[in-house]
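Open the model in your viewer and keep the sequence beside it. Each stop below says what to select and what to look for there.

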Amino acid sequence: MRRILLLLSALAVSGCQPAAPPEQTTETAPMSDEDMIRARTGEFEQAVSNADAKAIGALFVEDSDLVDQAGTMHHGRAAIEERYRELFEGPYKGAQARLEIESIRFVRPDIAILDGTYELNGMTSTDGLPLGIVKGTYTNISVKENGQWMIHCSRPMLPMKAPGT
Amino acid sequence: MDDPLLAADAADESAGDLAMENVMKALAISCLLALAAASLAAQDAAVEQALDALAQKYTEAWKAGDPAGCASIYSDDADVVDFMGMSAKGKAAIQESLTKTLGTYPGTSIQLVRTGIHPVSADVVVSDGTWEITGAAQAADGAPTKGFYTVVAAKQGDAWQLVAGRTKVAPATN
């Protein structure tokens with residue numbers, strides 16, 4: 001009888017129900033802003049490797065600007081697209097890109113400064129000679145618009161080697 | 001209102017009222033747009049003035065060989081990446097880096113020329129320009145004396161400060 005009472009008590013505590021299996025859900029956790037920016041960087045890398053100037057333009061806001069490695073300003077999405085189109089028909093032809101993010105800093109919840117490095121492999125000179133791997137750094141200022149992170153300003157750079165190196 | 005002339009008069013009057021209403025609406029919209037444009041222009045002028053003041057403070061401190069003065073235009077959490085890709089995070093590290101930089105260019109002046117301001121939001125702007133160091137009698141071997149800069153300025157309370165600074169030099173052309 002005691003065993004029966006114990007069993008009944010245990011059933012009462014457990015609600016007389018067998019343990020329910022963990023709830024199955026297809027919902028995924030929303031991406032953090034940092035993850036979204038990282039995903040955008042992946043899209044950029046892919047667009048460069050695919051020589052897709054249009055896809056690169058789509059990552060920039062309409063009123064964006066790019067100051068290239070030589071210090072030349074390209075203002076507006078169309079001008080940036082055109083710049084990349086020229087590069088893909090010239091030195092970037094056939095090049096594969098690799099972008100690494102070094103830091104993401106939010107100066108406002110919807111404004112981030114992104115620093116990273118880039119590598120371009122397979123570039124050719126104007127004479128058609130292979131240039132090997134070109135390495136540089138970049139800073140992008142990105143903004144969140146309508147739930148999407150877009151590039152507002154892009155500043156790639158070829159770092160100068162320290163004197164004597 | 002059976003009289004067709006009266007009916008025509010009434011129609012004319014009604015059309016006239018509508019036209020006048022449209023003119024008034026257009027005037028009101030024009031005034032609002034003009035006010036908005038004036039407000040934006042005033043805002044732009046205020047930002048330019050603030051950036052000019054920061055640049056002046058920096059150039060004066062540079063000339064005086066004062067790294068703390070140069071670093072004072074940055075926010076406490078600012079970061080800087082120089083033309084060699086070296087970064088300094090935080091005002092203290094920026095000041096330390098500037099101490100070395102000023103040691104590389106002793107007794108010099110720096111000229112900053114702004115080439116553009118790109119508002120990112122009402123209180124964050126990106127500003128680009130060129131820098132040139134003059135009077136370098138004995139700059140370290142191979143140290144560049146001109147290049148480009150990009151800064152991100154943000155309004156903290158009533159004051160503008162730099163939250164990021166990037167310098168670069170044009171790559172050598174063969």
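A residue is called buried at under 20% relative accessible area, exposed at over 50%, and partly exposed in between (1.4 Å probe, protein chains only). This is a predicted model, in which local features need pLDDT of at least 70 and side-chain atom pairs count only at pLDDT 80 or more, while totals for chains, interfaces and linings use all residues. Residues are numbered from 1 along each chain as its sequence is written, chains are lettered from A and ligands numbered from 1 in the order in which they are written, and side-chain values use heavy atoms, with hydrogens and water left out.

**Stop 1: chain A as a whole**

Select chain A. Color it by secondary structure. Helices (H or I, at least four residues) and strands (E, at least two) are DSSP runs, numbered from the N terminus. Chain A holds four helices and six strands. From the N terminus, their order is α-α-α-β-β-α-β-β-β-β. Of its 165 residues, 39% are buried.

Now show the surface. Chain A exposes about 10000 Å², and carbon and sulfur atoms supply 55% of that. Such accessible areas come from the Shrake-Rupley method with a 1.4 Å probe; for residues, only the protein chains shown count as cover.

**Stop 2: helix 4**

Select residues 77-89 of chain A. This is helix 4 of chain A, with 13 residues. How far apart are its end C-alpha atoms? They are 18 Å apart, which agrees with the 18 Å that 13 residues should span at 1.5 Å a residue. The expected span is 1.5 Å times one less than the number of residues.

Next, show side chains. In helix 4 of chain A, the residues A:Ile80, A:Glu81, A:Arg83, A:Tyr84, A:Leu87 and A:Phe88 are buried. They cover an arc of only 160 degrees around the axis, which puts them on the same side of helix 4 of chain A. The arc is that of the directions from the helix axis to the C-beta atoms. An α-helix has 3.6 residues a turn, so residues three or four places apart point the same way.

Turn the helix over. The face away from the buried side of helix 4 of chain A carries the exposed residues A:Ala78 and A:Glu89.

What covers the buried residues of helix 4 of chain A? The cover includes helix 2 (33-49), helix 3 (53-57), strand 1 (60-67) and strand 2 (73-75) of chain A.

**Stop 3: the sheet**

Select the strands of chain A. They form an open sheet of six strands in the order 2-1-6-5-4-3, with mixed pairing. Two strands pair if DSSP finds at least two bridges between them. Strand 2 and strand 3 (96-108) of chain A stand at the edges, each with a single partner strand, so one side of each is left without a neighbour in the sheet. Neighbouring strands of this sheet are turned by 20 degrees against each other on average, direction ignored.

Zoom in on strand 1 of chain A. Six of its eight residues are buried, so strand 1 of chain A is largely enclosed by the rest of the structure. With strand 6 (residues 148-157) of chain A, strand 1 of chain A pairs in the parallel sense over three bridges. With strand 2 of chain A, the pairing of strand 1 of chain A is antiparallel, again over three bridges.

Pick A:Leu66. Opposite A:Leu66 stands A:Ser154 in strand 6 of chain A. In strand 2 of chain A, the bridge partner of A:Leu66 is A:His74. Then pick A:Phe60: its bridge partner in strand 6 of chain A is A:Ile151.

Follow the chain to A:Gly71. A:Gly71 takes a positive phi near 90 degrees in the hairpin of strand 1 and strand 2 of chain A, which has five residues between the strands.

**Stop 4: helices against the sheet**

Bring back helix 4 of chain A. Helix 4 lies across strand 1, strand 2 and strand 6 of chain A, running at about 50 degrees to strand 1 of chain A. Axes are lines fitted to C-alpha atoms, for helices over the stretch in contact, and angles run from 0 to 180 degrees between N-to-C directions.

Now select helix 2 of chain A. Its 17 residues reach 25 Å from first C-alpha to last, close to the 24 Å expected at 1.5 Å a residue. Buried residues in helix 2 of chain A include A:Met36, A:Ile37, A:Arg40 and A:Phe44. Just after helix 2 of chain A, A:Ala51 takes a positive phi of about 55 degrees.

**Stop 5: chain B**

Select chain B. Its secondary structure comes to three helices and six strands. Along the sequence, the pattern of chain B is α-α-β-β-α-β-β-β-β. Buried residues make up 32% of the 174 residues in chain B.

Finish at B:Asp123, in the loop between strand 3 (109-121) and strand 4 (124-134) of chain B. Is B:Asp123 buried or partly exposed? At 26% relative accessibility, B:Asp123 counts as partly exposed. B:Asp123 touches A:Arg108, B:Ala153, B:Ala154, B:Lys155 and B:Trp160, not counting residues up to four places away in sequence. Contact here means heavy atoms within 4.5 Å.
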